[in-house]
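User: Hi! Could you walk me through this one? I'd like to start with what sits inside.

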Amino acid sequence: MGTTKHTGRIKLPGRPDPKLWVSKVPFGLGKIKPKHIRDTVKVMWDNRDNLPYAYRILTRGVCDGCALGVAGLYDQTLTGPHLCTTRLNVLRLNTMPAMKPETLHADIDELRKLDSAQLRKLGRIPYPLVRRNGERAFRRATWEEAMERIAGKIRSIDPKQLAFYLTARGITNESYYAAAKAARYIGTNNIDNASRICHSPSKTALKRSLGIGASSCNYKDWIGTDVLVFWGSVAANNQPVSTKYMYAAKRKGTKIIVINPYREPAMEGYWIPSIAESALFGTKLADDFYQVNIGGDIAFMNGVMKTWFEMEAEKPGSAIDHAFVREHASGYEELRSHVDKQDWETLERSSGLSRERIGQFARLLAASHSGIFVWSMGLTQHRFGTDNVSQVANLALLRGFLGREHCGVMPIRGHSGVQGSGEMGADPFSLPGGEFAGTDIGRIEKLWGFELPKWQGDIVGVSLENALLPDDHERRLKLFYTSGGNFLETMPEPDFVRSCLENVELRVHQDIVFNTSTLADAREEVWVLPAMTRYEQPGGGTSTSTERIVYFSPEIPGPRMPEARPEWSIYGELALRVKPATEGQAAGAAFKDAASIRAEIALAAPNYAGIERLEKQGDVFQWGNAWLCEGGVCPTEDGRGRLLPIELPELRKPEGRFYATTRRGKQFNSMVYGEIDPFNGADRYDVLMNAEDAAQLHLRTGDAIVAYNRYGVFHGRAKSADIAPGNIELYWPEGNVLLPKGVYEPYAGIPEYNAAVIVEKADTYHALKDTRYVERRIAELELEVPE
């Protein structure tokens, strides 16, 4: 860990810079772009019944949107307030009144006619609910009835037949910690969190390559670095406040490079609402785009390193930081030998980029004295996601972009609570402050005062699939307890996921609103428990940002759901009902208040020493200080980073197919807030494809098309876009029907979110005289080797 402290906020330049303007037309009139002013007015109107409370949340609370760490209207990077429409969209979840009884207890089929966006607008869950198999509606229940029934069911099954899951929807470190402790106290290691389907490969790869499990640097380091690379990350769309950091970086002369199949309009130019100059005229962000194939990043990075080694052969020291590698990295010769064997034809074909273009990027990095790599799901949501991220670490080590100012590797988080989830132990492979292995188990057992189960827990996808095992199987999922989350809209093959959810005997949804998963049947019953938001929790709560800053968010006065409870207290009470504490176990897994949880976190997770002192608005600290691996020293056994030879993945795209992946529009993760993407005007069922690819299929923008494979069929419309040839992008979660179930990355367990598909014009597809053509084509797909 580092010793240099974060140096605090910096000011933006006062004078405008017209060279960065997107347009001289004020507010980008006539352009396809987000309408920030209109959206802000709409949010005010939506919250008109609770505006004072909404204002207090915005000005006192820590953002429950992405993980940039905006507290009130300020962060630790820049002076001045931040305005973010993503945060404003999420705001209504906290200010809504309770669902009306006539809606709450309506016929289940009537509720199922609504999508998740419509269900959210119905209001908050006001009290415990239950719906038994065969019943047509939820009925009101008491907390006593709910807790006793759920605890009784847990006592009747094997702990391996129980699984917990926590999303990152505003969940605090305190709740993650209490859930992790309660699960182990009950006797199960089947506990997982939202990072499983976003950044689990980042943690796994960074651990094996650098010995760290989080961003090595700060957002401040963006401002003044020579080159800032966004890899499979559309930060302008998913973390809008980050555009202010990009603006500040551009003003310091930083080059911004985007590596992505689609030339994302949000990264090309953005109208930043909290900077007057940018709000008026926009800001050009990206200096260049490298439109790599979906899944072609490993080949691209091998090409970069191959270029570097060729440069070194001509002029030693022209590309590799030999002093850094000699002092701080292992495996150099093995990596060079591996890369030297790669042939350019294969690298070009796999990456989708020419040797010249790859070399251009390689030379840019070689000429830079500092650089930061930022990535997101474009790198992680692959069956080789861990290898993708280890390749990024390889580049950083070879250039010495680690452990100093303006340098580093950053997996940028999309949820405000997700960085802390694994660090608090809400993970089958983790315990608070360590791994579920070796001495960490003994250390935690001593602190907690009870024995931990020693068997390896399952990732959430496997837990769900276990619901289909024979009834007498020891790992058949019989009780699934989920805090937030909507697996029907986040996992591949939604119909299969529904069958899993409905085969669970008892399901518990601890949440603040309904979603489509809440309405799925169960073999015995579905329980719904009303949770407090982070702003309602007595004693406040904490969350950890992408840059490892732990923020305290205070309890904010305002209206309450009378029967909603803090999530951490629900877990503690449930644990004690399942297994009453015995002498010597103190309170088992229960806590008297939020402060006592923070006090224990400080003991259980050494990096979090200091969290026990957070108690009022504005309190923060950064674990690990400004830079992890400071001075190049990694927290590995030998203090060195590991350069790893990474094999090219077999992409297996047969002739005539397209690589398909998913993207986000006007949404916050799976919560969709608009049918039209404000950056490109696309509809949720538009399929983005290269214009030349479309022409070869005799398609024009707006034509009805079908994309299909052995997993499913997607009906949509073609939309020409600046995307790498042979690739298409669909919106998530609508495009999940094309993704394979049960395909997990071997190291981190993230599901595969990419697939090879056939694209055809819809009138051709359906105009044949009968369905035998379709059936024959699908049957042919079944004979192929799985992707």
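**Cores, a helix and a loop**

Analyst: Happy to. The largest nonpolar core has 139 residues, and Trp 231 and Trp 308 are those with the most contacts inside it. Keep in mind that this is a predicted model.

User: What does Trp 231 touch, leaving out residues up to four places away in sequence?

Analyst: Quite a list: its partners include Phe 300, Met 301, Phe 361, Phe 373 and Trp 375.

User: Switching topic: how many residues of α11 are buried?

Analyst: 9 of the 10 in that helix, which spans residues 242-251. Among them are Lys 244, Tyr 245, Tyr 247 and Lys 250. Just after α11, Gly 253 has a positive phi of about 95°.

User: Nice. Is His 406 buried or exposed?

Analyst: His 406 is buried, because its relative accessible area is 17%, under the 20% cut-off. It lies in the loop between α20 (385-399) and β12 (408-411). Beyond four places in sequence, His 406 touches residues including Lys 220, Asp 221, Thr 225 and Ser 370.

User: Last one: where does pLDDT stay under 50?

Analyst: Over residues 765-776, where the model has 9 contacts beyond four places in sequence. Residues 782-787 are also below 50, with 13 contacts beyond near neighbours in sequence. For the protein, the mean pLDDT is 93, and 96% of residues reach 70 or more.

Note on methods:
Residues are numbered from 1 along each chain as its sequence is written. This is a predicted model: local features need pLDDT of at least 70, side-chain atom pairs count only at pLDDT 80 or more; totals for chains, interfaces and linings use all residues. Side-chain values use heavy atoms; hydrogens and water are left out. pLDDT is the predictor's confidence in each residue, from 0 to 100. Contact means heavy atoms within 4.5 Å. Buried means under 20% relative accessible area, exposed over 50%, partly exposed in between (1.4 Å probe, protein chains only). Helices (H or I, at least four residues) and strands (E, at least two) are DSSP runs, numbered from the N terminus. A nonpolar core is a set of buried Ala, Val, Leu, Ile, Met, Phe, Trp, Tyr and Cys residues joined through side-chain atoms within 4.5 Å.
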